[in-house]
Amino acid sequence: VDPKDKTAKPKVAEKPTGQLEVDFKDAIAALKNVISSFPSTQAAVVASLELGKLYTDDNKPDLVIGLLEKSQNSAGDPTLKGLALNRLGLAYEAKGDYGKAVSQWESIAENKNMVFLHGTALIRIGLCYEKLKDLSKAKQSLEKASGLTEDPDSAKAAKKYLRLLTRTGI
């Protein structure tokens, strides 16, 4: 809208439809454009993370997995790599593939450059093992998370999960 044009009406936002492809059409197109135009760059990884977030919020784990399986390999920065592996783990968990989810989070928990995600990863590992009915591995992972001094919030959450797990029979 030209600010000098007194007759022009500003564009009014349409009501959300609740359909991802309609409500975020322009954003999705822009993110896909970055990913396809610059496939092996950190910009593509960030765009994949953002698009993956939209797909996660719309409960489309298969789209997240397809997107991040490719882009996480281009993530040179440990922060971006950790964020990609974390979102990938969440997508596998949402799909019910707990083994692959654990694999993503183990990659984070074993990487000293991703310490900012260790607590989250160890808790998610514990919760997946609980779903897999491997309560001793669940307890082991949650105990490890509960001892993290560098992440007191995750340690506190892990202790809560451990108490709940103990009530289930460990």
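## Charges, helices and loops

K60 is partly exposed, with a relative accessible area of 22%. The model is predicted. Which residue forms a salt bridge with K60 at 2.5 Å? The partner is E21, with 2.5 Å between the closest N and O atoms. This pair links distant parts of the chain. K60 sits in the loop between α3 and α4, while E21 belongs to helix α1 (residues 20-23). They are 39 residues apart. E21 is partly exposed too, at 44% relative accessible area.

K60 has another salt bridge, to D58. Here the closest N and O atoms are 3.0 Å apart. D58 is partly exposed, at 26% relative accessibility. Together, E21, D58 and K60 form a network of salt bridges. Side chains of opposite charge can pair when their charged atoms come close.

The structure holds 7 salt bridges. One of them joins K131 and E93, at 2.8 Å from N to O. E93 counts as buried, at 8%.

Now to helix packing. Two packed helices are described by the angle between their axes and the distance between the axes. For α2 (residues 25-37) and α3, the axes come within 8 Å and cross at roughly 145°. The crossing is left-handed. On the α2 side, the contacts come from I28, L31, K32, V34 and I35. They meet A43, A44, A47, S48, E50, L51, L54 and Y55 in α3.

Next, the backbone. Most residues other than glycine have a negative phi. N59 is not a glycine, yet its phi is positive, at about 55°. N59 lies in the loop between α3 (42-57) and α4 (61-71). N59 is exposed, with a relative accessible area of 60%. K133 also has a positive phi, near 65°, and is a residue other than glycine. The loop between α7 (118-131) and α8 (135-146) holds K133. K133 counts as exposed, at 70% relative accessibility.

Last, the surface. Which residues make a nonpolar patch of about 230 Å²? L83, V115 and F116 do. V115 is in the loop between α6 (98-109) and α7. V115 is partly exposed, with a relative accessible area of 38%.

Technical notes:
Residues numbered from 1 in each chain as written. Predicted model: local features only at pLDDT ≥ 70, side-chain atom pairs only at ≥ 80, totals over all residues. Heavy atoms only, no water. Helix = DSSP H or I, 4+ residues; strand = E, 2+ residues; numbered from the N terminus. Buried < 20%, exposed > 50% of the residue type's maximum accessible area, 1.4 Å probe, protein only. Patch = residues over 30% accessible without salt bridge, like charges linked within 9 Å, V, L, I, M, F, W, Y side chains within 5 Å. Areas by Shrake-Rupley, 256 points an atom, 1.4 Å probe, with all protein chains shown as cover. Salt bridge = Lys/Arg side-chain N within 4 Å of Asp/Glu carboxyl O. Axes fitted to C-alpha atoms, helices over the stretch in contact; angles between N-to-C directions. Left-handed = near helix turned anticlockwise from the far one by under 90°. Contact = heavy atoms within 4.5 Å.
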